[in-house]
Amino acid sequence: MKSDPDCRAALQLIRRMIEEHCPPGVLPSEEAVLGLYGPILLGEAEALARAVVLSVERLRLEASVKPPARSIKA
């Protein structure tokens, strides 16, 4: 994958969307991604993909947790 400005802009748009709408902590900072994967766009893309997967897993877990039973003393 070449370091195309349009590609970088697209990844930044996806990053902003994940930061705004997904649970905190699923996406490492840009600095952390550079440290983990280096300065290649594919590393940023992999971090974004992992964040989406983690978000879906968390949502599934939250949906599977049953609410507490209602009190009979009402």
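At 49% relative accessibility, E19 counts as partly exposed (between the limits for buried, under 20% relative accessible area, and exposed, over 50%, with a 1.4 Å probe and protein chains only), whereas R15 is buried, with a relative accessible area of 3%. The model is a predicted one, in which local features need pLDDT of at least 70 and side-chain atom pairs count only at pLDDT 80 or more, while totals for chains, interfaces and linings use all residues. Residues are numbered from 1 along each chain as its sequence is written, and side-chain values use heavy atoms, with hydrogens and water left out.

A search of the whole structure finds 3 salt bridges, each defined as a side-chain nitrogen of Lys or Arg within 4 Å of a carboxyl oxygen of Asp or Glu. In one of them R15 pairs with E19, the closest N and O atoms being 3.2 Å apart; because the two residues lie 4 residues apart in helix α1 (residues 5-21), about one helical turn separates them. Helices here are DSSP runs (H or I, at least four residues), numbered from the N terminus.

R15 also forms a salt bridge with E44, at 2.7 Å from N to O. Since E44 belongs to helix α3 (residues 41-64) and R15 to helix α1, this pair ties together parts that are 29 residues apart in sequence. E44 is buried, its relative accessible area being 13%, and R15, E19 and E44 are linked in a network of salt bridges.

A further salt bridge joins the side chains of R50 and E46, with an N to O distance of 3.6 Å. These two residues are 4 residues apart in helix α3 and thus separated by about one helical turn, and E46 is partly exposed, with a relative accessible area of 36%.
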